[in-house]
Amino acid sequence: MKKQMQYLLLSIVFVFIVSNDLLSQTVKSQWVFADTKGKLIYKTTEKGDKIMDFSYAGYMGGGVKIPYVDVKITLSPVAGDNSAAIQQAIDEVSKMKLVNGFRGAVLLKPGVYDCEKPLVINTSGVVLRGSGSDEKGTVLNLIGKPHVAVSVRGDAKWKVIGESTTMADSYVPSGSTSFAVADASGLKAGDTIRITRPINDTWIEFMGMHQLVRSGKKQTWISGDITTERTIAKIEKNKITVDVPLNDSYDSKYISPAVTVQKITATGLLTQIGIENFRILAAAQSVTINEGHHRAFTMSGLSDGWARNIEVFNTVNSISVTGRRITVDNVSIMHNLPTIGAAKPADLNGSGQQILFNRCTIQGDNLFFFGTGAKVTGPVVVLNCTFRGNGWIQPHQRWATGLLIDGCNVPDGGIDFMNRGVMGSGHGWTIGWAVAWNCTAKSYLNQMPPGAANWVIGSTGEQQKKAIPGSNETGSISYNNQPMQPEGIYDSHGIPVAPASLYLSQLKERLGKQALINIGYKD
């Protein structure tokens, strides 16, 4: 009898394992799935919109191995402030000749480097490298007045070349790679173009953002233009095919004047810059976001760069990336104390184009783990990251588009694609065309913007429903008597879908198995 029970238990375990294995192989999203030959198939909305190909996010447009750059200058720590000595080494390498896109690396030997001022890289082809990110490696110890540890800062200026043209299609779906223009005669393959969408009252009213009032004062959700840049891959008559899919739709019904398409060129744009293999340390402080605080690093005016293997302690509003084609890989942030107050800092600000945050970790409370700024046009990918503590992945304000949260774990917090209403100074609809794919979180607030979509697919956690945040007579935020926001799309909620990673599957399909290996993943 005992042996029969053992066989029975073994059979149950076997069936459970096989069933789970089959389930993991067969459960598919209805929005993106692989056919019998492994090709990804995309479901579209009635207007033709689809989940975009996010695989273009990252260094050199995704799937390219970050290079090892030869060391030109090596430093050791000294007593007192080290920032002037490190800056001098950076400046000396910055004067060296470019060879295959790089000038060289500054290597910091193990030890503690007290730094009273920011380390600034403002020349292409320079790498700042430490000798390890643990306590026995290279430690940048931030002292003195609050400042950022490392600043990569270009002074990019864009110039329009020739005459502009306009989009000729009445509707261009999100996720598209091509569109018609009125006149393509002034354009050719290889040109960089700026696509400019003017903001008008018709669209703002369509989005329901014309009645934001806080403390009796009208709030302006968004104004001006929304611009994004692409490179022309092909032209057929007046049809343009671009290198990276469009992350928003263009509906002529709500756009006036028409969307313009202009050839542009840049000066002052930095390229091929990396920071890697060190630790950033700041004193623990419990402050509001309006008080002075140290930050880890910023990257702006940069195309094709990286930050990797960096440990960060006790910085606030830690990392800001507003450049293009940048990878932030294996960066961890630890907070010994939480920030205080209702307004929360964002540890990762991803407000550029083709940005990849890969295998990053955060431990902290009362913060946004990840956020976006206004009018961000992506694509931005947060891949296989773990964020622990009372915090949120939450695009922050004024219509960002093209965000993928892929395989992320937020066990104590939330993932929110939402309308923030009068929060801030009228942040309103924060995000459209965003996807959470096979994530785990305590909660999700997934809302559906007019004329757009947000998806939570194959993910686990509580589904929340909330009204748009409004303002009561005293000026505090209230949800009472505010309209409930429509839910975004939930697909296979609570059951993970295949493929396990949308980004990695898209990358493999576009560039092959080697692209996965290049960024540290097995096929």
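Start by selecting Trp433 and Trp455: both are buried. Keep in mind as you look around that this is a predicted model.

Zoom out for a second. How many aromatic pairs does a search of the whole structure find? The count is 10. A pair of aromatic rings is described by the distance of the centres and the angle of the planes, so those are the two things to check at each stop.

Next, select Trp203 and Trp221. Their ring centres sit 5.2 Å apart, and because the planes meet at 40°, this pair counts as tilted. Now colour by secondary structure: Trp203 belongs to helix H3 (residues 201-206), while Trp221 is in the loop between strand E15 (217-218) and strand E16 (225-236). The two are 18 residues apart, and their pairing links distant parts of the chain. Are they buried or exposed? Trp203 and Trp221 are both buried.

Go back to Trp433 and Trp455. Here the centres are 6.1 Å apart with the planes at 40°, so this pair is tilted. Trp433 is in strand E34 (residues 431-437) and Trp455 in strand E36 (residues 454-457), so the pair ties together parts 22 residues apart in sequence.

Pick Tyr56 and Arg510: the charged end of Arg510 sits over the Tyr56 ring, 3.8 Å from its centre. Then pick Tyr42 and Lys50, where Lys50 lies over the face of Tyr42 at 5.3 Å from the ring centre.

Conventions: Residues numbered from 1 in each chain as written. Predicted model: local features only at pLDDT ≥ 70, side-chain atom pairs only at ≥ 80, totals over all residues. Heavy atoms only, no water. Phe/Tyr/Trp six-rings, centres within 6.5 Å; stacked < 30°, edge-to-face > 60°. Helix = DSSP H or I, 4+ residues; strand = E, 2+ residues; numbered from the N terminus. Buried < 20%, exposed > 50% of the residue type's maximum accessible area, 1.4 Å probe, protein only. Lys NZ or Arg CZ within 6 Å of the ring centre and 35° of its normal.
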